[in-house]
Amino acid sequence: MAYYPRHPYDDYYGRDDERIPTLRVAGSSDPKSMATAIESRIIEFRVMKLEAVGANSVNQAAKSIAIARANLEADGRGLAGYPDFIHIKAREEGQPERSAIQFMLLATPPYRGRGYDDPYYDRYYGHDQSQNGKIVRVSQKNDSKVVASTIASGLRLNYELRVQAVGPGSVNAAVKAIAIARRTLLETGELSVMGFPEFVRVAAPTPGEAEHSG
């Protein structure tokens, strides 16, 4: 997942605009089915939200976004977004609100595309991404606040950062760290960020093991 300074597409709607379609992701949700739902809403509305409660749900949401982005880019479209913390009402009356992760997703030009008449993309995306940006690898054992500090520092220096995580616990920790870093940068008036989720092959930590998807 690569993160960059905010693009004007981020302001297409206010985050709390009731017109924005919203989907709830469960730990048992099928990422391919969710991806199809994301694609149709991004094409129609250009913006949408995903809500997820718990590590498994956040992991399924991240997978769904990555699949949807790959499918949209194959059709000449783009998808980006960012996570944030929200509170949602409990399903049963009298129960306390639950903390959740909300992904705000936005239609953009394709991240890997070329030839678009967009100075912002020419400046920040018009280069060989494999040669730029720091990689932050996140484990479920990491403190999200510590990782968030690393992410914020990396974005201040490089404008580009890649965050890698393998497994539900690690993905959840990474998403939380990104949300914390984004809030920190917004509060200090420095940057806002958007991300481009994708699947990558990650080398196994132990020689002889198979590669992992992250």
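Which residue lies over the face of Y82? That residue is R182, at 3.6 Å from the ring centre. Welcome to a predicted model, in which local features need pLDDT of at least 70, side-chain atom pairs count only at pLDDT 80 or more, and totals for chains, interfaces and linings use all residues. Residues are numbered from 1 along each chain as its sequence is written, and side-chain values use heavy atoms, with hydrogens and water left out.

**Rings**

- R182 counts as sitting over the ring of Y82 under a rule that wants NZ of Lys or CZ of Arg within 6 Å of the ring centre and within 35 degrees of the ring normal.
- The structure holds 0 aromatic pairs (rings of Phe, Tyr and Trp, the last by its six-membered ring, pair if their centres lie within 6.5 Å).

**Helices α4 and α5**

- Helix α4 covers residues 144-158 and helix α5 residues 168-187 (helices are DSSP runs of H or I with at least four residues, numbered from the N terminus).
- Their axes come within 8 Å and cross at roughly 55° (axes are lines fitted to C-alpha atoms over the stretch in contact, with angles from 0 to 180 degrees between N-to-C directions).
- α4 and α5 are therefore oblique to each other (angles under 35 degrees count as roughly parallel, over 145 as roughly antiparallel, 65 to 115 as roughly perpendicular and the rest as oblique).
- Among the residues in contact are I151 and L155 of α4, and I178 and A181 of α5 (contact means heavy atoms within 4.5 Å).
- This contact of α4 with α5 divides into 11 nonpolar, 2 polar and 3 charged residues (Ala, Val, Leu, Ile, Met, Phe, Trp, Tyr, Cys and Pro are nonpolar, Asp, Glu, Lys and Arg charged, and the others, Gly among them, polar).

**Helices α2 and α5**

- Helix α2 (residues 55-74) packs on α5 at about 80°, with the axes 8 Å apart.
- That angle makes α2 roughly perpendicular to α5.
- The contact of α2 with α5 has 6 nonpolar, 3 polar and no charged residues.

**Helices α1 and α2**

- Helix α1 (residues 31-45) meets α2 at an angle of about 55°, with 8 Å between the axes.
- α1 is therefore oblique to α2.
- Here the residues in contact include M34 and I38 of α1, along with I67 and A68 of α2.
- By class, the contact of α1 with α2 has 10 nonpolar, 3 polar and 3 charged residues.

Methods. Rings of Phe, Tyr and Trp (its six-membered ring) pair if their centres lie within 6.5 Å; planes under 30 degrees apart count as stacked, over 60 as edge-to-face and the rest as tilted. Helices (H or I, at least four residues) and strands (E, at least two) are DSSP runs, numbered from the N terminus.
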